[in-house]
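Here's a quick briefing to read alongside the sequence and the 3D view. Have a look around first, then work through the points below.

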Amino acid sequence: MPEKIAFIGAGSMAEAIISGIREMNVYEKEQVWVTNKENKERLQYMKDRYGVRCTAEKAEALQDAAIVVLATKPYDLKDAVLDIVPLLQPEQLVISVVAGISTDYIGSLLQQNTAIVRVMPNTSASIGMSATAIAAGEFAATDDMKKAKALFETIGTVEIVDEEAMHTVTSISGSGPAYIYYLVEAMEKAAVNAGLQAEVAKQLIAQTVLGAGEMLKKSGENAAALRKKITSKKGTTEAGIQTLAAHQFQQAVIDCVDSARKRSIELGKQN
Ligand SMILES: NC(=O)C1=CN([C@@H]2O[C@H](COP(=O)(O)OP(=O)(O)OC[C@H]3O[C@@H](n4cnc5c(N)ncnc54)[C@H](O)[C@@H]3O)[C@@H](O)[C@H]2O)C=CC1
Ligand SMILES: O=C(O)[C@@H]1CCC=N1
């Protein structure tokens with residue numbers, strides 16, 4: 001990836017992507033430019049931590065960038081995009097990681113046939129482990145999709161989906177790591193309450209999550225089959241799962257994903 005890439009927004013997601021692409025040596029630090037709304041300390045942090053170029057001037061960030069990544073919160077997107085309308089060059093590819101917001105909406109603000117690719121990564125991008133989905137906007141050509149796919153493949157896996165699927169994707173893999181962390185928090189509390197050392201619990205749980213993820217990917221068996229193999233008749237797992245079932249655990253997760261998906265749809269309508 002020889003060219004310059006500019007990030008509009010310097011928050012958690014921009015940092016996760018930047019951390020990932022720097023870790024994987026996709027871009028030299030001089031090729032990565034970052035700008036934000038007003039937080040100079042945050043830009044200084046990004047500069048100190050990753051060595052990337054930081055500027056308060058969008059014009060400087062965008063100049064000669066091959067890719068412009070929109071990474072603001074949904075409610076800040078309009079202002080951020082309107083700022084770059086006079087700066088954007090026709091050949092620049094716009095990648096939006098903003099939840100809920102359609103490429104049509106962004107395109108309508110840009111008022112030109114800009115190539116826009118909508119992307120939903122997750123924060124595991126920072127260690128090259130994102131589960132990313134990408135969708136083509138109306139004016140995104142095959143080459144633009146190839147470019148976006150190649151970029152995000154450097155920091156994890158990439159699935160190509162239709163843009164309509166992005167709300168669901170966001171509720172599954174965009175927000176997904178947070179659901180897992182929430183579960184882990186509860187397991188850590190339970191372990192410590194039962195007297196296990198916090199550090200020991202942390203290590204056992206992290207390895208358990210990692211191992212379960214690898215099993216899902218590599219064993220060739222589905223989640224239900226893997227679960228059944230652990231669940232001995234009248235054993236410990238059965239006792240635990242029965243309690244989860246009594247608390248409607250699966251329904252709670254289904255409702256959780258549904259709430260996140262609905263929220264993504266609402267975010268798209270707010271603009
Ligand atoms: N955090 C996550 O796990 C994920 C977040 N996303 C999406 O990424 C986007 C960013 O999320 P976070 O990084 O978590 O938010 P954040 O709040 O940490 O960062 C937002 C950044 O946007 C900047 N910003 C706001 N208005 C601006 C403007 N007018 N011009 C330039 N910069 C401006 C802020 O200064 C800040 O640096 C959101 O739209 C979110 O939906 C997508 C996937 C996962
Ligand atoms: O919570 C959010 O809105 C963002 C989108 C996906 C993950 N975080």
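Which helices each supply at least two residues of the shell around ligand 1? They are α1 (12–23) and α4 (74–84); helices here are DSSP runs of H or I with at least four residues, strands are runs of E with at least two, and both are numbered from the N terminus. Keep in mind that this is a predicted model, where local features need pLDDT of at least 70, side-chain atom pairs count only at pLDDT 80 or more, and totals for chains, interfaces and linings use all residues. Residues are numbered from 1 along each chain as its sequence is written, while chains are lettered from A and ligands numbered from 1 in the order in which they are written.

**Around ligand 1**
- The shell holds 28 residues, and the closest are Gly9, Gly11, Asn36, Asp76 and Ala99; a residue counts if its C-beta atom, placed from the backbone, lies within 6 Å of the molecule.
- α4 gives the largest share, 5 residues.
- By class, you get 12 nonpolar, 10 polar and 6 charged residues; Ala, Val, Leu, Ile, Met, Phe, Trp, Tyr, Cys and Pro count as nonpolar, Asp, Glu, Lys and Arg as charged, and the others, Gly among them, as polar.

**Around ligand 2**
- Ala99, Thr170, Gly174 and Ser175 surround ligand 2.
- That shell has 1 nonpolar residue, 3 polar ones and no charged ones.

**Confidence**
- The protein's mean pLDDT (the predictor's confidence in each residue, from 0 to 100) is 96, and 99% of its residues reach 70 or more.
- For the complex, the predictor gives an ipTM of 0.98 and a pTM of 0.96.
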